[in-house]
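Please look at the sequence and structure first.

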Amino acid sequence: MNKKTLVLGASLKLDRYSNIALRKLVKYNHDTVAFGMKAGEVVDVTIDTQLQHYDALDTVTLYLNPSRQKDYYNYIVSLNPKRVIFNPGTENPELYQILKVNGIDYEVACTLVLLSTNQY
């Protein structure tokens with residue numbers, strides 16, 4: 001099942017987990033969009049440096065540490081995704097509460113593991 005996903009905190013660097021996740025999401029045929037600090041492309045996915053509104057978003061997968069997430073709380077909620085995945089190092093109880101109040105599910109998990117084990 002195709003789950004449109006926003007990689008928030010995407011990197012052009014091949015060794016970064018956000019970059020690996022981007023490539024794996026595309027490999028598994030998920031529509032993928034990305035936001036990061038540097039513009040560019042990874043496997044034909046443009047990394048936006050300006051916040052965009054994406055329709056029909058299933059998942060936001062986070063690759064920003066909790067202190068950097070604060071600037072994006074309202075943005076994430078405005079996208080109204082079905083879920084937000086908190087990858088290792090992004091765990092944030094404050095954002096969990098905000099998501100819960102707004103009826104958005106969240107998982108503390110690893111996108112790469114979820115994809116590899118068919119649990120995405």
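## Terms and model

A residue is called buried when its relative accessible area is under 20%, exposed when it is over 50%, and partly exposed in between. The model is predicted.

## Helix α1

Helix α1 spans residues 17–27, and its buried residues are Ser18, Asn19, Ala21, Leu22 and Leu25. Viewed along the axis of α1, these buried residues lie within an arc of 160°, so they line one face of the helix. Tyr17 and Lys27 are exposed and sit on the face of α1 turned away from its buried side.

What do the buried residues of α1 pack against? Their partners are the strands β1 (5–8), β2 (32–35), β3 (40–42) and β4 (45–48), together with helix α5 (111–116). After α1 comes Asn29, which has a positive phi, near 65°.

## Asp58 and its two partners

Side chains of opposite charge can pair when their charged atoms come close. The structure contains 4 salt bridges.

One of them joins Asp58 to Lys82, with 4.0 Å between the closest N and O atoms. This pair links distant parts of the chain, 24 residues apart: Asp58 is in the loop between β4 and β5 (59–62), and Lys82 is in the loop between α3 (73–79) and β6 (83–86). Asp58 has a relative accessibility of 13% and therefore counts as buried. Lys82 has a relative accessible area of 56%, so Lys82 is exposed.

Asp58 also forms a salt bridge with Arg83, at 3.8 Å from N to O. Here too the pair links distant parts of the chain, with Arg83 in strand β6 and Asp58 in the loop between β4 and β5, 25 residues apart. Both side chains in this salt bridge belong to buried residues.

## Arg83 and Glu107

Which residue meets Arg83 in a salt bridge at 2.7 Å, N to O? The partner is Glu107. Glu107 belongs to strand β7 (residues 105–108) and Arg83 to strand β6, so by position the pair links distant parts of the chain, 24 residues apart.

## The network

Taken together, Asp58, Lys82, Arg83 and Glu107 are linked in a network of salt bridges.

Key
Residues numbered from 1 in each chain as written. Predicted model: local features only at pLDDT ≥ 70, side-chain atom pairs only at ≥ 80, totals over all residues. Heavy atoms only, no water. Buried < 20%, exposed > 50% of the residue type's maximum accessible area, 1.4 Å probe, protein only. Helix = DSSP H or I, 4+ residues; strand = E, 2+ residues; numbered from the N terminus. Arc of directions from axis to C-beta. Contact = heavy atoms within 4.5 Å.
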